[in-house]
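Please have the sequence and the structure open while I talk.

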Amino acid sequence: MRRGTETAENLERLMPDMTAWRRHLHMHPELSFREERTSAWIAEHLAAFGCDEVRTGVAGTGVVAVIRGERPGPVVALRADIDALPIQDEKDAPYRSTVPGVMHACGHDAHTAALLGVAAHYAAARDSLAGERRLIFQPAEEVTPGGAIGVIEAGVLDGVSAIYGVHLWTPLPSGTVASAPGPVMATEDEFDLEIRGKGGHGGMPHETVDAIAAGAAFVQGVQTIVSRSVDPLEPAVVSIGSFHAGTAANIIAEVCRLSGTVRTFDATVRERVRERLQASAEAVCRQFGAEFSLDWRHGYPPVVNDEREAERFFAVARGLFGDAAVRRIRPLMTSEDFAYYLQRVPGCFMFVGAGNAECGAVWPHHHPRFDIDERAMLQAARLLVAMADHYAEEASSAA
Ligand code: NI
């Protein structure tokens, strides 16, 4: 208990640093796999804290820090993602992005700052630390395939007994935390469809094959995949995110290009949706006399929390923040490459409420005015440390 209070005080003392770090990162965002300055900056800080090892160039632009405690215990990994998004920052804050068209619009800057706080804490508390902490600053969470696969291929999970990660989440009010056992985030697949018709004069449509009409029929048709071909009790989403065709009012478009995303949890549903999309493209193009090519990209698997580790989350979080602050989250149709870590090592992915109207943190993730309640970083850091230490104490007392 005494150690718990000390940890909370240490992390609270680091809060001004975490805030400054987050704002620095927020002003200098970098896109997925291009986080060169970000990763050099992270590595510099980790070295200054006196971490036992700082490994750079992991999966390209990732950084991994190792801190070994003076007491025996397991290796526990904690992960933050470090990349930003191709969005123009439209906030009116002194720390808004200085890079045109690039913005930390998902809170990864705060994940990074919180994990730096955790590193500084552990590096100064080796005498009470049981086992090893491996802190993963992962590149490229926002693209498919993301950075997690490369981190795993680099051997970073070797010897790791458990892994934990957080996502700050503005739909949840600041002060709350949430997670759940089993699946919490969806599988994400993407597709590109190119429909090729036959261009011609807008006044003589009978001599053409209209790619826009075929594309529109396809978009209408796929809206029924979820409602008519998927078990109503199974979550699924099909969204068309882009549709490009044509050049002028009096020209029939020869080509129409569409792209979309599919979100599911169940492997059978995932395959069923893919089949129905393919069949829709075939049927529409046969009807119109067009041709098509469909390019399908398998994205991240679902994020599935270990049952026991989710139980640990509820116990640890209630101890830290009180019963009223802890929620069971409903599965989200967003996706996360933390999924790959959880396929190999038991662990838990957790959400930390970051929404607060008083500080303008009311916008959804990936919005040009996105911002967070920075106090959420302290909660994130406390939760990560408490989960890792709880696991390590349990493992040490069982040994
Ligand atoms: Ni994110």
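Predicted model: local features only at pLDDT ≥ 70, side-chain atom pairs only at ≥ 80, totals over all residues.

Let me begin with the nickel ion, which is coordinated by Cys106 through SG and by His108 and His167, each through NE2, at 2.2 to 2.3 Å. Along the chain these donors follow the spacing C-x1-H-x58-H. Cys106 sits in the loop between β3 (71-81) and α4 (108-123), while His167 belongs to strand β5 (residues 160-173), so the pair ties together parts that are 61 residues apart in sequence. Cys106 and His167 are both buried, and for that word the cut-off is a relative accessible area under 20%.

As background, nonpolar side chains in soluble globular proteins tend to be buried together.

What, then, about the open space? The largest pocket holds about 730 Å³, and of the 29 residues that line it, Arg3, Gly4, Thr5, Thr7 and Asp389 are the closest to its centre. The elements that each supply at least two residues to this lining are α1 (2-13), α4, β4 (130-138), α8 (307-321) and α10, with the largest share, 8 residues, coming from α1. Sorted by class, the lining of the largest pocket has 12 nonpolar, 8 polar and 9 charged residues.

The second largest pocket has a volume of about 460 Å³ and is lined by 18 residues, of which Glu142, Arg263, Thr334, Ser335 and His366 lie nearest its centre. Two or more residues of that lining come from each of β5 and β8 (187-196), and by class the lining of the second largest pocket has 5 nonpolar, 6 polar and 7 charged residues.

I would like to finish with the backbone, where a few places deserve a look on the screen. Thr144 and Pro145 are joined by a cis peptide bond, with omega about -10°, and Pro145 is found in the loop between β4 and α5 (148-153). Ala140 lies in the loop between β4 and α5 as well; its phi is near 50°, a positive value in a residue other than glycine. Is Ala140 buried or exposed? At 0% relative accessibility, Ala140 counts as buried.

Phe33, in the loop between α2 (15-27) and α3 (36-49), also has a positive phi, near 65°, but at 35% relative accessibility Phe33 counts as partly exposed.

Lastly, Gly101 lies in the loop between β3 and α4 and is partly exposed, with a relative accessible area of 27%. Leaving aside neighbours within four places in sequence, Gly101 is in contact with Leu85, Pro86, Ile87 and Gln88; Gly101 and Leu85 are 16 residues apart in sequence and 8.3 Å apart in space, C-alpha to C-alpha.

Definitions and conventions: Residues numbered from 1 in each chain as written. Heavy atoms only, no water. Donors = N, O, S within 2.8 Å, 3.2 Å for Na, K, Ca; no water. Helix = DSSP H or I, 4+ residues; strand = E, 2+ residues; numbered from the N terminus. Buried < 20%, exposed > 50% of the residue type's maximum accessible area, 1.4 Å probe, protein only. 1 Å grid on protein atoms, 1.4 Å probe; cavity = no way out; pocket = protein on both sides within 12 Å on 5 of 7 lines; lining within 4 Å. Points joined across faces, edges and corners; volume = space filled by probe spheres on them. Nonpolar A, V, L, I, M, F, W, Y, C, P; charged D, E, K, R; others polar. Contact = heavy atoms within 4.5 Å.
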